[in-house]
Amino acid sequence: MKIAHLDLGDFPLFLAPMEDVSDPPFRVICRENGADMVFTEFISTEGLIRGAEKSEKKLDIFPGERPVGIQIFGHNLNAMIEATKIVEKANPDVIDINYGCPVKKVVNKGAGAAFLKDPVRMEKFTREVVRATRLPVTVKTRIGWDENNINIVEVALRMQDAGAQAIFIHGRTRSQMYGGKADWDEIAKVKHHPGMEIPVVANGDIDTPEKAALIRDKYGMDGAMIGRGAIGSPWVFKRMRHYLETGEILPEPSLEERIELLRKYLKMSVEWKGERLAVFEARRQYGPFFKGLPGIKKYRMQLVTADNAAQIHLILDEILEEYKDFVFN
Ligand SMILES: Cc1cc2nc3c(=O)[nH]c(=O)nc-3n(C[C@H](O)[C@H](O)[C@H](O)COP(=O)(O)O)c2cc1C
């Protein structure tokens with residue numbers, strides 16, 4: 001699959017944009033563990049044009065994480081165009097527009113998934129962003145506003161007309177938020193529409209090697225985007241790739257490998273965002289990292305209440321000692 005000139009090979013696997021998760025340290029870890037391309041969390045166009053420090057920091061790209069897409073969201077066309085120029089200076093491989101965020105705070109202003117209610121407006125915004133930059137532009141959206149308004153085929157064709165170079169589709173409506181199941185059939189309808197030429201990537205509930213293979217083989221999609229399935233298990237990409245290529249399931253990584261990864265992630269995080277935030281945001285990773293270890297709850301409690309990195313490293317030493325003979329399967 002290609003995004004403009006960017007050749008991502010057969011059936012690429014993407015790390016999804018996730019707020020407070022898809023930061024440079026996590027993106028590097030995912031790239032090293034088999035993700036073919038990664039995306040930043042969404043960045044406010046208003047924040048960027050105001051020069052807000054928090055938004056600008058989100059433009060950081062580490063060596064080792066390319067190809068990377070920077071995702072923006074907003075509701076004001078001029079701000080979107082100005083922000084596109086700022087993002088271009090950070091030189092990502094792709095600029096992605098968020099048309100899928102379901103949260104009230106975003107939607108009520110007319111950003112994120114609100115665009116699904118007005119595909120004409122969505123087309124206009126996309127066309128203007130495409131015009132404002134030399135970089136390829138992609139879009140990420142949902143299948144519709146609610147179950148009575150599933151309009152993703154129309155939306156996708158409009159995005160293509162506007163110059164988007166690929167479309168990432170989360171198979172839920174805005175009303176579903178994150179509940180229910182992602183509807184891969186609706187995404188496949190876009191892929192198999194005779195007018196569709198740009199790549200169509202499926203997203204939503206793809207969290208095992210077998211599901212990635214289904215998305216490729218049964219649904220015929222161009223690639224898969226993985227969000228929650230990568231939190232606390234960044235090796236999911238490697239396992240998917242191996243299964244896609246060989247039909248065999250790789251053994252789960254050992255405890256030692258997991259802890260080594262976690263230490264590396266934490267170290268990069270502390271350096272990039274400071275110890276307090278790094279320690280806080282690492283908390284959501286622990287559950288899946290140690291899933292299956294009997295009696296791990298005690299340690300997990302310690303990990304999520306630890307307030308500095310040294311303490312976390314000590315707890316990891318203890319886990320390694322207590323479970324050294326444990327084999328994940
Ligand atoms: C914690 C979290 C933060 C998210 N932040 C973003 C975001 O910034 N931009 C975006 O397009 N989607 C965001 N999403 C949605 C994901 O990119 C993805 O579409 C959704 O989680 C479904 O995929 P999954 O089932 O593989 O997780 C977020 C999801 C989660 C769980």
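Ala, Val, Leu, Ile, Met, Phe, Trp, Tyr, Cys and Pro count here as nonpolar, Asp, Glu, Lys and Arg as charged, and the others, Gly among them, as polar. The model is predicted, with local features needing pLDDT of at least 70 and side-chain atom pairs counting only at pLDDT 80 or more, whereas totals for chains, interfaces and linings use all residues. Residues are numbered from 1 along each chain as its sequence is written, and side-chain values use heavy atoms, with hydrogens and water left out.

**View 1. The shell around the ligand.** By the classes above, this shell divides into six nonpolar, six polar and six charged residues. The ligand is surrounded by 18 residues, the closest being Pro17, Gln71, Asn203, Asp205 and Arg228 (a residue is near if one of its heavy atoms lies within 4 Å).

View 2. Ligand oxygen atoms lie 2.9 Å from a polar side-chain atom of lysine 140, 2.7 Å from a polar backbone atom of aspartate 205 and 2.7 Å from a backbone N or O atom of arginine 228. Of the 610 Å² of accessible area that the ligand has on its own, the protein covers 89% (Shrake-Rupley method, 1.4 Å probe).

View 3. Strand β3 (residues 13–15) pairs with β4 (residues 37–44) in the parallel sense over two bridges, pairing requiring at least two DSSP bridges; phenylalanine 14 has methionine 37 in β4 as its bridge partner.

How values were computed:
Helices (H or I, at least four residues) and strands (E, at least two) are DSSP runs, numbered from the N terminus. A polar contact is a pair of N or O atoms within 3.5 Å; within protein, one must be able to donate a hydrogen and the other to accept it, and residues adjacent in sequence count only if both atoms are side-chain atoms.
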